[in-house]
Amino acid sequence: MDHPSVSSRARTAGPSLSGTPSGQLSAPRATRSLRAAVRSVAELLLERPGPYARAFEQLILGLIVLSVVSVGVEALPGLPAGITRALRVGEILVVAVFSFEYLLRLIAAREKLKFVLSFAGLIDLLSIAPFYLGGFDARWLRTLRLLRLLRVLKLRTHILESSVAERTRELAEKNALLEQAQAQINAELGVARALQLAILPATFPARAGCESAARMIPATTMGGDFYDFIELPGGQIGLVMADVSGKGVPAAFFMAVARTNLRGVAPDYVNPGACLARTNTVLCSQNPLDLFVTVFYCMLDPATGALRYANGGHNPPYLRRADGSVEALSGAGGLVLGAMPDVEFPEHQIQLRDGDLLVLYTDGVTEAFNPADEAYGTERLIDEIRAHGAGTAAGLLERICHSVTVFAGAAPQSDDITLIALSWNRTAAGALQ
Amino acid sequence: MNIQLETLGQTTLVMPQGRLDFGSAPVFQQRLEQLLAGGGTAPAALIIDCAGLDYVSSAGLRVFLLAARAAQRAGTAFAVCSLKPPVREVFDLSGFARIISVHADRDSAFAHLQPGRA
């Protein structure tokens with residue numbers, strides 16, 4: 001693959017593009033640098049918007065008006081010789097400046113012939129040519145210089161346009177930078193989200209008689225849902241389902257704080273209500289943004305099926321009994337955590353029976369909206385739990401997620417959807433003892 | 001979200017309409033903060049009339065909590081009234097109905113805030 005490019009480079013080096021033999025570089029280099037200097041002067045005076053271009057333009061405008069007026073004055077009969085001479089000198093000066101300008105434009109033009117033949121180029125030439133051709137009276141031709149006014153005005157538009165183009169380019173560059181920054185923020189948020197999800201436990205502690213599954217479908221924005229399985233003294237297991245108010249990075253941080261505190265406090269408390277009260281007090285002292293979190297916390301004794309729970313403002317879980325009935329764990333709840341210190345959380349206890357299935361969820365399930373703006377609601381959730389019969393915990397979560405997804409259709413998911421299902425089997429639990 | 005205001009004597013009535021969720025909560029919060037800002041301009045009493053409020057998410061609930069606190073700081077009596085069933089359910093479930101004064105309608109909210117005039 002290298003060969004063609006090497007040979008083509010060799011070819012271009014041989015005949016030399018500028019036709020300059022390598023031994024005589026000095027003279028052309030001088031010409032080139034002179035040309036570059038002239039070109040930069042041309043650019044400064046003609047193209048780049050700024051004080052020089054403005055002054056040069058004013059000069060040209062003034063000379064045009066002056067020269068046209070002088071044509072009129074020259075036509076007056078019986079002019080004193082002094083004035084005629086002054087006009088003649090003025091004409092020479094005007095032509096000198098115009099010629100200088102013409103040359104400058106010619107040098108600056110990328111396509112010389114195109115410039116010479118353009119309307120502006122022809123006008124420029126016509127305004128100086130009569131002077132050089134001298135022989136015939138070309139006074140009327142000099143009035144053509146008025147047309148040059150058009151040219152100057154056009155130039156002004158050009159300068160305006162080029163400055164607009166420059167602004168547009170600057171804007172585009174800034175936009176690109178913004179997009180880059182946005183992409184970086186999104187990538188970092190993605191990492192934060194992944195970390196947030198990674199701290200959620202993947203599996204339920206192994207206990208005979210317990211079969212559990214957890215599922216979370218995160219919303220596109222960072223949310224604050226979390227669940228947890230906590231190993232407690234005496235073989236008990238703590239189950240947590242929680243939802244932080246709001247979304248985004250603040251909610252994610254508060255979620256991490258809440259989860260860590262609850263996890264740290266839980267093993268020290270034999271009562272779920274006292275555990276929530278303690279966690280609440282800690283959260284209230286670490287809550288600069290006035291966020292709060294709804295928490296359902298229960299302690300299960302896998303050996304006996306005794307379930308004690310307390311509710312901090314969370315949606316009551318459902319219990320599908322082995323006989324097929326579905327009931328809510330709706331004993332009186334307490335306040336959400338983090339809103340107010342020193343509140344109490346009423347405690348409740350129920351006895352699981354062989355084959356019972358417990359379903360904990362967040363409002364991302366029941367408040368999933370469809371395109372018609374209807375909420376999924378608790379009725380549909382209860383129907384799915386009932387219809388699942390004696391199926392597995394994992395199967396039930398699959399079923400509910402599918403049902404919610406189908407219901408929501410094309411409507412965007414605005415909140416995390418989080419679920420835990422836990423079935424308890426007395427015979428299996430007893431067999432181990 | 002559309003938020004209407006009405007002043008009846010010393011009491012300001014705030015009437016949010018539509019859905020109060022993560023998207024609209026900041027607007028509602030800002031409005032209430034303006035009304036309950038310190039410096040002696042806060043009204044003697046403020047009632048949030050929720051008759052036009054269809055839905056309140058947890059982010060929306062937080063605004064009620066912040067408003068209740070701001071009212072307390074400003075010395076403004078604060079109450080909420082006319083909650084539609086889904087909104088009432090959120091207030092009950094979260095325990096907010098126990099820390100914020102919630103009333104069935106405007107009249108009972110007024111009666112609660114200004115017992116002398118009832």
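Okay, housekeeping. Because the model is predicted, local features need pLDDT of at least 70 and side-chain atom pairs count only at pLDDT 80 or more, while totals for chains, interfaces and linings use all residues. Residues are numbered from 1 along each chain as its sequence is written, and chains are lettered from A and ligands numbered from 1 in the order in which they are written.

Let's start with chain A. Its secondary structure comes to 14 helices and 10 strands. Of the 433 residues in chain A, 28% are buried. Buried means 20 or more other C-beta atoms within 10 Å of the residue's own, exposed means 12 or fewer, and partly exposed is in between, with C-beta atoms placed from the backbone. Now contacts, meaning C-beta atoms, placed from the backbone, within 7 Å. Take those in chain A between residues at least 6 apart in sequence: 71% of them join residues at least 24 apart.

Next, a strand in chain A. Strand β5(A), residues 306-312, has five of its seven residues buried, so it is largely enclosed by the rest of the structure. What does it pair with, counting a pair when DSSP finds at least two bridges? On one hand there's β4(A), residues 293-301, antiparallel through seven bridges, with A:Cys298 opposite A:Tyr309. These two strands make a hairpin with four residues between them, and A:Gly305 in the turn has a positive phi of about 85°. Then there's β8(A), residues 347-351, also antiparallel, over five bridges.

On to a helix, α9(A), residues 248-265. Its buried residues include A:Phe254, A:Met255 and A:Leu262.

Over to chain B. Four of the five residues of strand β5(B), residues 77-81, are buried. Strand β3(B), residues 45-49, pairs with β5(B) in the parallel sense over five bridges, and B:Ile47 has B:Ala79 as its bridge partner. β5(B) is also joined by two bridges to β6(B), residues 102-103, again running parallel; B:Cys81 sits opposite B:His103 there.

One glycine deserves a look: B:Gly60, in helix α2 of chain B. Buried or exposed? B:Gly60 is buried, with 25 other C-beta atoms within 10 Å. B:Asp21 is 39 residues away in sequence, yet the C-alpha atoms are 5.1 Å apart. Beyond its neighbours within four places in sequence, B:Gly60 contacts B:Leu20, B:Asp21 and B:Ala25.

So where do the chains meet? The contact takes 16 residues from chain A and 12 residues from chain B. On the chain B side, α2(B) has the largest share, six residues.

Last, the largest nonpolar core, with 101 residues. A nonpolar core is a set of buried Ala, Val, Leu, Ile, Met, Phe, Trp, Tyr and Cys residues joined through C-beta atoms within 7 Å. α2(B) gives the most to this core, nine residues. A:Val359 and A:Leu419 have the most contacts inside the core. Among the residues A:Val359 touches are A:Pro317, A:Ile385 and A:Leu419.

Conventions:
Two residues are in contact if their C-beta atoms, placed from the backbone, lie within 7 Å. Two strands pair if DSSP finds at least two bridges between them.
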